[in-house]
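Work through the exercises below with the structure open. Each task is followed by a solution in steps.

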Amino acid sequence: MTQREDEFLGYVQSGGQVEVDDWMPDEYRARLRKFIEMHANSELMGVLPEREWILRAPTLQRKLALTAKVQDEVGHAQLIYRVVEDLGKPREQCLDDLISGKSKFHNVFHYPTKTWGDVGVIAWLVDAAAIISQKALLKCSYAPYARIMKKICWEESFHILHGRDVVLTLMLGTDEQRELVQEALNRWWGPLMQFHGNPIGPEDDPMYVWRIKSQGNDEARQQFLDGYVPQIWELGLTVPDPELRKDEETGRWHYAEPDWDELMHVVTGHGPKTADRLDLRRNARENSAWVRSVLLAA
Amino acid sequence: MIYEVFRQERKGQAFQHAGSIEAPDERFAEWYAREQYGRRGESTALWVVPREAVHPIEDFVDELNRNYHRVDGYPLKEKLKEARERAGTASRRNR
Amino acid sequence: MSERAQLLVAIADDELILGWRDSEWTGIAPFLEEDVAFSSIAQNEIGHARALYELAARDLETTADELAFDRRPEDYRCSELVQLRLPEWERTIARHVLYEEADAARLRELMASDDVELAGLAAKIDREEAYHRMHAQMWADRLRDEPRFAAALDELRPLVDLRDGHTPELTELWEQMTEVRRSVPGATW
């Protein structure tokens, strides 16, 4: 590392903020852009599992809430791709790489949604897992990204309430409806536990070293369990992990080791719905290419 | 074209930079800004400005420490102490 | 059903089905900024439908959701224009332009109605629709020289006032719309 890079490292590690036109080490810029791009891709792909249920929402209220939630996610993708673009990679190139499979998106968006139970569980728990990471990103050393995270976190707060409302309504309903939630939870638990990433220590995680992330993966996972397992249990739902328990002395949760092979397999483009969803994006994009050219013509 | 959006949260508050949007022209930019930064009524007002109209300035020169027009250029403690002693009002204050 | 309820339900059906169709673009619109904008339009339309159904529901001693979801496809009173599934942007915008024009005329009449409640609601809806009209105009101006847009306008114009036919498209949409609701009849969601 050169002296200038070393000074930069010291600067961000003591809370220094970086703006778009500031000098950055090549490694910082490259890692930063890739990380942010994956986030943008995830917001955009996260739309697809939920879209199917917009069309099937069973009340006017749910229809409006779900449409608004998905709209927010599209809005988040817009905010984040703009940050990536200002870092030097145009949106169209990002979308090309997403569709071709060259760049990645989060594991949870590679899985199918099968019932209305999934709609509740996703909005409540997947969004909760995401918001924990997003709150940690409020302290990102790269200021333009930290700033948009404020708006994103603020909008996500309604998503979790909406999810909780859907779940609570189902849990207060018929046996069939309660079963929808439990069954969805059984399927989503694995991906949720993998969501925050493998248990790399923060000092070994370059994202943490450069203060792009301000929290280690395991810490995020512990926060998720601490916040949400009690919420799950208090509804009479069970978590499909017999090893899950909190050590009252240390305050740490113990759980069965998540399947890291599955995580790697899925994020490298082999999830159950990866191909279908990328196809949908590809087709939508191709069909509307003419619109973008018309708009670009002065 | 990129447009920068500034938003005012409550009347009387300063407009703050909120983000940027891409739009083919002003009409579209207004629509998109209103939606991205105001669909929840979270802003009282917005300013939408083409990016090239915003000129960043990040260099400021003060080689000779011009503290004559700043508060830190006026450390008065010592002079005040002396002036009080001269006027005989110092001891009363020091009690 | 009283004449008033019939009128309310017909307009609500238009807004509901159009809003449902427009919401199909959320997540896959031509570009992200437009995706967000068009989704608000779809949500507004559903919101209008809800307000209109609520008014009718009081007269009919039922609920807005029951009116919106629990009728048979042949009982909906929406125009054929809104029933079509239009996965092409030029046809969606053409419908948007045509619908907003027709709706503006309808709302003007309602705002002049002796029915104070209805006139009041129509005025509220019209204030939101003003933005929709602006959006439609903005796109119409941009697509003015596109042959496929002109073709779409020609294709869809005859359907604006057609209210007697029930297209298979509506039945297909109804099946999707009511799928979850019908899975546990009478349940709260």
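**Exercise 1. Chain A as a whole**

What percentage of the contacts in chain A with a separation of 6 or more is accounted for by residues 24 or more positions apart? Then describe the build of the chain.

Solution. The model is predicted.
- Step 1. Among contacts in chain A with a separation of 6 or more, 74% join residues 24 or more positions apart.
- Step 2. Chain A has twelve helices and two strands. Read from the N terminus, the order of the elements is α-α-α-α-α-α-α-α-α-β-β-α-α-α.
- Step 3. The globule rule gives 19 Å for 298 residues, and the radius of gyration of chain A is 20 Å, close to that value, so chain A is as compact as a globular protein of that length.
- Step 4. Along the principal axes, the C-alpha atoms of chain A fill a box of roughly 65 × 60 × 35 Å.
- Step 5. Of the 298 residues in chain A, 43% are buried.

**Exercise 2. Two helix pairs in chain A**

Classify the packing of α5(A) against α7(A), and that of α3(A) against α6(A).

Solution. Two packed helices are described by the angle between their axes and the distance between the axes.
- Step 1. Helix α5 (residues 116-137) and helix α7 (residues 175-195) of chain A have axes that come within 9 Å and cross at roughly 30°. Angles under 35 degrees count as roughly parallel, and α5(A) is therefore roughly parallel to α7(A).
- Step 2. The crossing of α5(A) and α7(A) is right-handed. Residues making the contact include Trp116(A), Val121(A) and Leu125(A) of α5(A), and Leu185(A), Trp188(A) and Phe195(A) of α7(A).
- Step 3. Sorted by class, the contact of α5(A) with α7(A) has twelve nonpolar, two polar and two charged residues.
- Step 4. For helix α3 (residues 60-86) and helix α6 (residues 143-171) of chain A, the angle is about 160° and the axes are 10 Å apart. Angles over 145 degrees count as roughly antiparallel, and α3(A) is therefore roughly antiparallel to α6(A).
- Step 5. The crossing of α3(A) and α6(A) is left-handed. Among the residues in contact are Arg62(A), Lys69(A), Asp72(A) and His76(A) of α3(A), and Lys151(A), Glu155(A) and His159(A) of α6(A).
- Step 6. The contact of α3(A) with α6(A) has nine nonpolar, three polar and six charged residues.

**Exercise 3. The partners of chain A**

Solution. 
- Step 1. On the chain C side, 33 residues are in contact with 33 residues of chain A.
- Step 2. In chain C, α2 (32-60), α3 (64-69), α6 (116-143) and α8 (168-183) each supply at least two residues of the side that touches chain A. The largest share, ten residues, comes from α2(C).
- Step 3. The side of chain C that touches chain A divides into 16 nonpolar, eight polar and nine charged residues.
- Step 4. For chain B, four residues are in contact with seven residues of chain A. The chain B side has one nonpolar residue, three polar and no charged.

**Exercise 4. One residue of chain C**

Where does Arg157(C) lie, and is Arg157(C) buried, exposed or partly exposed?

Solution. 
- Step 1. Arg157(C) sits in the loop between α7 (147-156) and α8 of chain C.
- Step 2. Within 10 Å there are 16 other C-beta atoms, so Arg157(C) is partly exposed.
- Step 3. Glu172(C) is 15 residues from Arg157(C) along the chain, and their C-alpha atoms are separated by 23 Å.

Note on methods:
Residues are numbered from 1 along each chain as its sequence is written. Chains are lettered from A and ligands numbered from 1 in the order in which they are written. This is a predicted model: local features need pLDDT of at least 70, side-chain atom pairs count only at pLDDT 80 or more; totals for chains, interfaces and linings use all residues. Two residues are in contact if their C-beta atoms, placed from the backbone, lie within 7 Å. Helices (H or I, at least four residues) and strands (E, at least two) are DSSP runs, numbered from the N terminus. Ala, Val, Leu, Ile, Met, Phe, Trp, Tyr, Cys and Pro count as nonpolar, Asp, Glu, Lys and Arg as charged, and the others, Gly among them, as polar. Axes are lines fitted to C-alpha atoms, for helices over the stretch in contact, and angles run from 0 to 180 degrees between N-to-C directions. Angles under 35 degrees count as roughly parallel, over 145 as roughly antiparallel, 65 to 115 as roughly perpendicular and the rest as oblique. A crossing is left-handed if the near helix is turned anticlockwise from the far one by less than a right angle, and right-handed if clockwise. The radius of gyration is taken over C-alpha atoms; the globule rule is 2.2 Å times the number of residues to the power 0.38. A residue is buried if 20 or more other C-beta atoms lie within 10 Å of its own, exposed if 12 or fewer, and partly exposed in between; C-beta atoms are placed from the backbone.
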